[in-house]
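Please read it alongside the sequence and the 3D view.

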Amino acid sequence: MMERVLEPEVMDDPAQVLAYAHADFERENQGFVDQFFTLYPDLENPHIVDLGCGPGDIPLRVVQGHAMCRVTGIDASQPMITYAEEAVRNAGFQDRIQLICERFQDVTLSSPADAIISNSLVHHVPNPLRFWYCLKNLLKPGSPVLVMDLLRPESPEAAQAIVDVQAPNEPEQLRKDFYQSLLAAYTEDEVAAHLAELNLSRLFVDVPDDRHWIVYGQVF
Ligand SMILES: C[S@@+](CC[C@H](N)C(=O)[O-])C[C@H]1O[C@@H](n2cnc3c(N)ncnc32)[C@H](O)[C@@H]1O
């Protein structure tokens with residue numbers, strides 16, 4: 001198994017942000033949101049925090065499909081937050097989506113969240129224990145989470161093969177970012193070890209396909 005190759009934490013390179021903000025992640029992002037509400041159908045008027053919300057596609061899908069939800073999206077990249085603000089304004093959801101440009105490690109909330117979601121952030125984080133520690137501190141005890149990220153393949157060649165199969169016609173910038181993200185990702189065993197180290201014993205790791213892991217459950 002190849003070693004992890006860390007990539008920059010915050011996505012604030014203009015070309016990278018442009019490519020990401022214009023990419024079509026509908027299938028993955030809507031699947032992620034649908035999975036969250038399938039896992040947790042009984043949440044009442046929840047305040048959901050999205051860590052590493054990027055250009056705001058996931059917060060928008062949450063509020064568009066679920067009338068009583070409020071979302072706070074947090075991202076450390078000002079260009080990403082600028083895209084998210086524009087998307088939220090254009091969709092008319094400023095009253096239900098709040099956006100904060102800050103590293104999640106530095107965020108404090110006026111009241112703890114009812115749930116946390118996060119897609120494709122963890123592979124950016126140099127110290128993953130810090131991610132799980134902050135997630136726990138931002139939540140009301142007993143609250144649900146859904147975290148998804150890429151799964152590190154066995155080798156650079158296997159990573160390139162995933163890019164070629166999943167994103168054959170995407171712009172070169174996006175293909176490059178995808179490849180580097182796969183190299184920076186964690187394995188299922190590593191994620192399980194991180195959860196165990198923080199005693200997050202009610203969170204479970206699953207591998208739904210050849211390139212993702214998810215963590216779901218409640219945080220106490
Ligand atoms: C691959 S994007 C995913 C965006 C979004 N979650 C999605 O699925 O469309 C990862 C995002 O995490 C952000 N990020 C990285 N490190 C962060 C940190 N420490 N605090 C907050 N955001 C961070 C990056 O700036 C980037 O926008």
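T72 has Q98 as its bridge partner in β3. The chain goes from β2 through helix α4 (residues 78-91) to β3, a right-handed β-α-β crossover; right-handed means that, with the strands pointing away from the viewer, the path from the first strand over the helix to the second runs clockwise. The model is predicted: local features need pLDDT of at least 70, side-chain atom pairs count only at pLDDT 80 or more, and totals for chains, interfaces and linings use all residues. Residues are numbered from 1 along each chain as its sequence is written.

**Strand pairing**
- β2 and β3 (residues 97-101) run parallel and are joined by five bridges; pairing requires at least two DSSP bridges.
- Helices (H or I, at least four residues) and strands (E, at least two) are DSSP runs, numbered from the N terminus.

**Ligand shell**
- Among the 22 residues around the ligand, G52, G54, A76, S77 and N119 come nearest (near: C-beta atom, placed from the backbone, within 6 Å).
- α3 and β2 are the elements that give two or more residues to this shell.

**Residue A67**
- A67 lies in the loop between α3 (57-65) and β2 (70-75).
- A67 is exposed because 8 other C-beta atoms lie within 10 Å (exposed: 12 or fewer; buried: 20 or more; partly exposed in between; C-beta atoms placed from the backbone).
- N45 is 22 residues from A67 in sequence and 8.4 Å away in space, C-alpha to C-alpha.

**Overall fold**
- The protein has eight helices and seven strands.
- Its C-alpha trace spans about 45 × 40 × 30 Å along the principal axes.
- Of the 220 residues, 39% count as buried.
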